[in-house]
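Good morning, and thank you for coming. Please look at the screen.

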Amino acid sequence: IHNYKPDRERKEIEVFIGKHVDGIIAAYSGEPENFDIYRELKEVHKMPLVLVDRSVPNLQSHLVQSDHYQSAYLAIRELGKLGHKNIIFALAGRETESTKTLMDGFTGAVSQMDIKNSADIFYKKTQSWSINEMKSFAENIIDYITTRKPQTTALLLQADWLAYEVLAVCQDRGIKVPDDLSVM
């Protein structure tokens, strides 16, 4: 509900507190200024809290999280089984625990496959996205991979919204997926 806007995240949680909901399932934005509202939920309001994807530092709470390391690791291994050695992993967002873990999974697979010299991470740190920024980032990814030597044959993307934008750029530029470039 927050779209990485800390004020919105805080206001939405305050609405839930005001409505005396029975519990909250939240995807914490990672914004340090909102530590207090989550602590207040647990310690003052005694409200059950389940966090999704990332935890709030030093707050005891249930956490439902994907195995980000394993997902990136297995994705790269599968691309390798298809014969890809020139692989780019494109990510964007904040420097969160899950972003670091995704990168570690990529690096682990790349090291094990001994393709460190032909694989790379394309990362843009950002706090929020507009539709124009998303499109521009997708164009930057395609610009980067089309100028690399050796030619990139596979692209792993962190999120579905990024995949949609990259596929649109590929279509605009006549890049055939998956013939010219595999996209995962």
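This is a predicted model: local features need pLDDT of at least 70, side-chain atom pairs count only at pLDDT 80 or more; totals for chains, interfaces and linings use all residues.

Residues are numbered from 1 along each chain as its sequence is written, and side-chain values use heavy atoms, with hydrogens and water left out. Helices (H or I, at least four residues) and strands (E, at least two) are DSSP runs, numbered from the N terminus.

H6 itself spans residues 160-173. Its 14 residues reach 20 Å from the first C-alpha to the last, close to the 20 Å expected at 1.5 Å a residue; the expected span is 1.5 Å times one less than the number of residues.

Which residues of H6 are buried? They are Leu162, Ala163, Glu165, Val166, Val169 and Cys170. Seen down the axis of H6, these fall within an arc of 165°, so they line one face of the helix. The arc is that of the directions from the helix axis to the C-beta atoms. Buried means under 20% relative accessible area, exposed over 50%, and partly exposed in between, with a 1.4 Å probe and protein chains only. The face turned away from the buried side carries the exposed residues Asp160, Tyr164, Gln171 and Asp172. After H6 comes Gly174, with a positive phi near 75°.

Let us turn to how H5 packs on H6. Their axes come within 9 Å and cross at roughly 60°, which makes H5 oblique to H6. Axes are lines fitted to C-alpha atoms, for helices over the stretch in contact, and angles run from 0 to 180 degrees between N-to-C directions. Angles under 35 degrees count as roughly parallel, over 145 as roughly antiparallel, 65 to 115 as roughly perpendicular, and the rest as oblique.

Finally, the axes of helix H1 (residues 6-18) and helix H2 (residues 35-43) come within 10 Å and cross at roughly 15°. H1 is therefore roughly parallel to H2. Their contact includes Ile13 and Ile17 of H1, with Ile37 and Leu41 of H2.

Terms used
Contact means heavy atoms within 4.5 Å.
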